[in-house]
Amino acid sequence: MKRRHLLLMAAGAALGGARAEVPREIELTAQRFHFTPRVIALRSGEPIVLLIRSLDFAHGFFVPDLDLRTDLMPGRVIRLAFTPPASGRLAFLCDNFCGDGHEGMDGHFEVT
Ligand SMILES: [Cu+2]
């Protein structure tokens, strides 16, 4: 009886240790000259997967503070995984010139 109890405890510990936090998926759309949504609330330490879709152009997606970037291809959903390390504001922007409104094509993560 005692031995069985110990085995169950060990199994429980192994399961607990192996349980990875499932990333929260967030959809984001890029289109001349904005991202939708433009402001996204996150929690620090919470794993995120962005699912980014461009509707019209090979925009870029760049988060300078995390040195995180990707090209966005129209018709494809780009998956970008990261975990915000601390609270604060993380800006993101388009870094592929896409026309006259390009400079204002940005947004931010509000991390708490
Ligand atoms: Cu753009």
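The open sheet

Four strands make up an open sheet with mixed pairing, in the order β2-β1-β4-β7. At its edges stand β2 (34–36) and β7, each with a single partner strand, so one side of each has no neighbour in the sheet. From one strand to the next, the twist averages 25 degrees, with axes taken as lines fitted to C-alpha atoms, for helices over the stretch in contact, and angles running from 0 to 180 degrees between N-to-C directions.

The model is predicted: local features need pLDDT of at least 70 and side-chain atom pairs count only at pLDDT 80 or more, while totals for chains, interfaces and linings use all residues. Residues are numbered from 1 along each chain as its sequence is written. Strands (E, at least two residues) and helices (H or I, at least four) are DSSP runs, numbered from the N terminus. Two strands pair if DSSP finds at least two bridges between them.

Strands of a sheet pair through backbone hydrogen bonds, either parallel or antiparallel. Here β1 (residues 24–31) and β4 (residues 48–54) pair in the parallel sense over seven bridges, and Ile 26 stands opposite Leu 50 in β4. With strand β7 (residues 77–82), β4 pairs in the antiparallel sense over six bridges. Along this pairing, Ile 52 is opposite Ile 78 in β7, and Arg 53 is opposite Val 77 in β7.
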